[in-house]
Amino acid sequence: MKTEMELRIGAFASHGGSNLQAILDACGNRLPKVSVALVISNNSDSFALERARKAGVPAFHVSLRQYQDQEQMDEAILGLLQSHGVNFITLCGYMKKMGNRIIDAYSGRIINIHPALLPAYGGKGMFGMHVHEAVLRAGETRTGATVHLVNREYDQGPVLLQEVIRIRKGETPESLRDRVLQVEHRLYVKTLEKISSGEIRLP
Ligand code: GRF
């Protein structure tokens, strides 16, 4: 039996936030049961914060520099998530490791998107252009994007959905980044659609 789930998302982003934008655009339309309750960035210049404000979503800059240690910062983040009624977390290009307290508090309710076909090209150092450069260097014929659950092990949570694309002749890391990013946008929305409709069952 499918169990529908209302998602109140806390989104974390560090840079441009184009995945966040794809989610914001789909909320209330393709994603009738999904809303973004707040956006948090470790980077005060992140365009994601601006995207959130434009969409009328509370946006917060939270950085370790504002706190004594990771524990205090995690406490503050948890406070924000709880006071905004967040029941689900999406990482949208968040360059910091999520604190274990937050991972435990939202266990099975945190997802991330990765610009490759995990478990290949994941783990430490595999972010941004490094991923696409490594894929091309290895002579792969296919790559793609992965949405996975986040657990304490970096990039190792169970895969929820993947989409594959073929690598073209003459492909550069930049062209690959752009093509994979397009895939990411629709894959992230599709995953949220399947989770909120109960088609993907979370643990
Ligand atoms: C994406 O490639 C995502 O897979 C990775 O970081 C990038 C974020 O892009 N985790 P954007 O900020 O959503 O445009």
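View 1. A backbone N or O atom of Gly-17 sits 2.7 Å from a ligand oxygen atom. A polar contact here is a pair of N or O atoms within 3.5 Å; within protein, one must be able to donate a hydrogen and the other to accept it, and residues adjacent in sequence count only if both atoms are side-chain atoms. The model is predicted: local features need pLDDT of at least 70, side-chain atom pairs count only at pLDDT 80 or more, and totals for chains, interfaces and linings use all residues. Residues are numbered from 1 along each chain as its sequence is written, and side-chain values use heavy atoms, with hydrogens and water left out. A polar backbone atom of Ile-113 lies 3.2 Å from a nitrogen atom of the ligand. From the side chain of Glu-184, an N or O atom is 2.6 Å from a ligand oxygen atom.

**View 2. A salt bridge between Arg-152 and Asp-104.** The two side chains meet at 2.5 Å, N to O. A salt bridge is a side-chain nitrogen of Lys or Arg within 4 Å of a carboxyl oxygen of Asp or Glu. The structure holds nine salt bridges.

View 3. Helices (H or I, at least four residues) and strands (E, at least two) are DSSP runs, numbered from the N terminus. The peptide bond from Leu-118 to Pro-119 is cis, with omega near 15°. Tyr-121 lies in the loop too. Its phi is positive, about 55°, although Tyr-121 is not a glycine. Most residues other than glycine have a negative phi, and most peptide bonds are trans.
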